[in-house]
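Visitor: Please show me the chain and its fold. I will then ask about single residues and about packing.

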Amino acid sequence: MIEILVGSLIGLFGFTEAVDTKPPVQGSVNLSQAMVPNGPLRETVILEPMSQLQFRNVIRQAYDYSCGSAALTTLLDYYLGRNLEERQVMEGLLRYGEAEKIVERRGFSLLDMKRFVAALGYQSGGFRAEFDDLDGLEHPAIVPIHYAGFKHFVVVRDVYNDHVFVADPALGNISFTRTRFEEIWDQNVLFVIFPGGQEPRNAMALTERDLRIIDDRTISLLAFREFPQMSKFMENQADELGSGGDIQYIRRK
């Protein structure tokens with residue numbers, strides 16, 4: 001009987017060594033390749049969910065009307081290193097911005113952003129620009145776009161090889177061709193926050209992983225699917241900035 005028990009234990013040990021019976025770590029997949037010279041090759045690969053990859057270093061907007069606060073939080077956190085939550089930024093925008101207009105339009109304006117970042121100690125400005133000016137920027141900028149029937153705020157991360165790479169609070173990391181972006185760029189407005197002092201570590205800088213061109217038709221199908229009731233709260237943004245004297249003009253030399 002003892003011999004049978006010992007034999008069973010040895011057999012079980014051999015089986016567990018040959019076959020991985022442990023539950024895999026969350027996010028991991030066990031891969032096996034039998035056709036190798038030294039016997040079966042087993043390797044554990046950690047897979048990152050597409051949703052996490054899509055929203056890497058992007059603050060996802062919590063509400064259909066909060067793309068402005070999410071875009072600003074993205075810029076403050078991943079460019080300026082502030083480590084804020086969207087809720088904190090929303091509270092700051094309400095405190096330092098035009099609260100009554102914010103409630104009325106159900107959204108934040110560039111002027112609200114300017115006042116809030118000034119309270120944080122940063123200089124900022126809204127500009128009308130040409131594409132070459134956007135291409136020449138050395139850091140991210142918030143821009144308004146009009147896309148898929150909605151007014152929306154996004155963060156332009158960089159321009160590379162005539163493609164505009166964008167951190168979108170609703171869709172995550174996406175890209176547009178230059179031609180397409182120029183079509184949807186709302187009145188060629190951009191909002192820049194100047195870090196002051198030493199240039200911060202830009203976590204939004206492009207990497208090799210980002211340099212994958214995303215087909216505009218695919219993005220069109222996905223655009224704002226999760227926010228079908230997104231209100232057009234940015235319609236008066238340019239007028240407000242213009243009346244407030246906050247828009248400057250960039251001209252090429």
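This is a predicted model: local features need pLDDT of at least 70, side-chain atom pairs count only at pLDDT 80 or more; totals for chains, interfaces and linings use all residues.

Visitor: Is R201 buried or exposed?
Guide: Buried means under 20% relative accessible area, exposed over 50%, and partly exposed in between (1.4 Å probe, protein chains only). R201 has a relative accessible area of 71%. So R201 is exposed.

Visitor: Which residues does R201 touch, leaving out those up to four places away in sequence?
Guide: Contact means heavy atoms within 4.5 Å. With residues up to four places away in sequence left out, R201 touches Y78 and Y79.

Visitor: What is the distance between the end C-alpha atoms of helix α3?
Guide: The expected span of a helix is 1.5 Å times one less than its number of residues. Helix α3 (residues 67-78) has 12 residues, so it should span 16 Å. The model agrees: the end C-alpha atoms are separated by 16 Å.

Visitor: How many of the 12 residues of α3 are buried?
Guide: The buried residues of α3 include C67, G68, L72, L75 and D77. What covers them includes the helices α4 (86-96) and α6 (110-119), and the strands β4 (141-147), β5 (150-160), β6 (163-168) and β8 (189-194). Helix α3 is therefore largely enclosed by the rest of the structure, and its buried count is 11.

Visitor: At what angle do the axes of α3 and α4 cross?
Guide: Axes are lines fitted to C-alpha atoms, for helices over the stretch in contact, and angles run from 0 to 180 degrees between N-to-C directions. The axes of α3 and α4 come within 9 Å. S69, A70, L72, T73 and L76 of α3 make the contact with E86, V89, M90 and L93 of α4. The crossing angle is roughly 115 degrees.

Visitor: Is the crossing of α3 and α4 left-handed or right-handed?
Guide: A crossing is left-handed if the near helix is turned anticlockwise from the far one by less than a right angle, and right-handed if clockwise. The crossing of α3 and α4 is right-handed.

Visitor: How does the direction of α4 relate to that of α6?
Guide: Angles under 35 degrees count as roughly parallel, over 145 as roughly antiparallel, 65 to 115 as roughly perpendicular and the rest as oblique. Helices α4 and α6 pack at about 100 degrees, with axes 8 Å apart. Therefore α4 and α6 are roughly perpendicular.

Visitor: Which residue has a side chain joined to that of D112 by a polar contact?
Guide: D112 lies in helix α6 and is buried, with a relative accessible area of 0%. A polar contact is a pair of N or O atoms within 3.5 Å; within protein, one must be able to donate a hydrogen and the other to accept it, and residues adjacent in sequence count only if both atoms are side-chain atoms. At 3.2 Å, the side chain of D112 has such a contact with that of R105.

Visitor: What is the length of the polar contact between the side chains of R157 and N173?
Guide: R157 is in strand β5 and is buried, at a relative accessible area of 10%. R157 touches F165, M204 and D210, among others. Its side chain also joins that of N173 by a polar contact of 3.1 Å.

Visitor: What is the phi of N83?
Guide: N83 is in the loop between α3 and α4. N83 is exposed, with a relative accessible area of 68%. N83 is not a glycine, yet its phi is positive, at about 60 degrees.

Visitor: Which loop holds N188?
Guide: N188 also has a positive phi, near 55 degrees, and is a residue other than glycine. At 29% relative accessibility, N188 is partly exposed. Its loop runs between α8 (178-184) and β8.

Definitions and conventions
Residues are numbered from 1 along each chain as its sequence is written. Side-chain values use heavy atoms; hydrogens and water are left out. Helices (H or I, at least four residues) and strands (E, at least two) are DSSP runs, numbered from the N terminus.
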